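This briefing covers helices, surface and charge pairs, in that order. Please read it beside the sequence and the structure shown here.

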Amino acid sequence: MTLRDFLERFRPTGTPGASAAGVPADRTAERAAELEPALARLADAQEQAARIRADAQEAAAALRRDAARTAERVVAAARERAPAVRRQAAEPVLREARREAEALRAAGERTAAEIRERAAERMPSLVDLAVADALRPAGGSRGAP
């Protein structure tokens, strides 16, 4: 559209006063002619936007599928490694438990050795008392009526 055509839209159809024979300007047709190319470009832009959205949706779906597959692989690998990780995590606890068990066993052996030693010290006197008690007559002394 030229500047002259643009300015022509603002010119009155007739001069005041004497009536001039002429056809009034068709403003609707002028506007339609002016807007048609812009609207056609907008239609193209809308189609292009729809294609871009469709492509983006397809790409997003592909990304989701890839992410799901990757997540499945990560979970499978984690499940495979889980027993080894558990063993590794339990190792310090088991080591401490074994150390405590060894300390308890050693303390038990020391206590048992002390008891054996005391028993060995007391045994001769206890044997003497048992023998003396066994040799004593059951009813008291023999000379009693």
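What percentage of the residues of the protein count as buried? Of its 145 residues, 1% do, where buried means under 20% relative accessible area, exposed over 50%, and partly exposed in between (1.4 Å probe, protein chains only). This is a predicted model, in which local features need pLDDT of at least 70 and side-chain atom pairs count only at pLDDT 80 or more, while totals for chains, interfaces and linings use all residues. Residues are numbered from 1 along each chain as its sequence is written, and side-chain values use heavy atoms, with hydrogens and water left out.

**Helices**
- The protein has two helices and zero strands; helices (H or I, at least four residues) and strands (E, at least two) are DSSP runs, numbered from the N terminus.
- Helix α1 covers residues 3–8, and helix α2 covers residues 27–135.

**Surface**
- A nonpolar surface patch is formed by M1, L3, F6, L7 and F10, with about 580 Å² of accessible area together.
- Patches are made of residues with over 30% relative accessible area and no salt bridge, joining like charges within 9 Å and nonpolar side chains (Val, Leu, Ile, Met, Phe, Trp, Tyr) within 5 Å.
- Within this patch, L3 lies in helix α1 and is exposed, at a relative accessible area of 58%.

**Salt bridges**
- Side chains of opposite charge can pair when their charged atoms come close.
- A salt bridge is counted when a side-chain nitrogen of Lys or Arg lies within 4 Å of a carboxyl oxygen of Asp or Glu, and the count comes to six.
- R69 pairs with D66, with 2.9 Å between the closest N and O atoms; the two are three residues apart in helix α2, so about one helical turn separates them.
- Both ends of that pair are partly exposed, R69 at 42% relative accessibility and D66 at 38%.
- E96 and R99 form a salt bridge at 3.0 Å, N to O, and they too are three residues apart in helix α2, about one helical turn.
- E96 is partly exposed, at 33% relative accessibility.
- R105 and E109 form a salt bridge with their closest N and O atoms 2.3 Å apart.
- R105 is partly exposed at 40%, as is E109 at 45%, and the two sit four residues apart in helix α2, about one helical turn.
- Through shared partners, salt bridges join E102, R105 and E109 into one network.

Technical notes: Accessible areas come from the Shrake-Rupley method with a 1.4 Å probe; for residues, only the protein chains shown count as cover.
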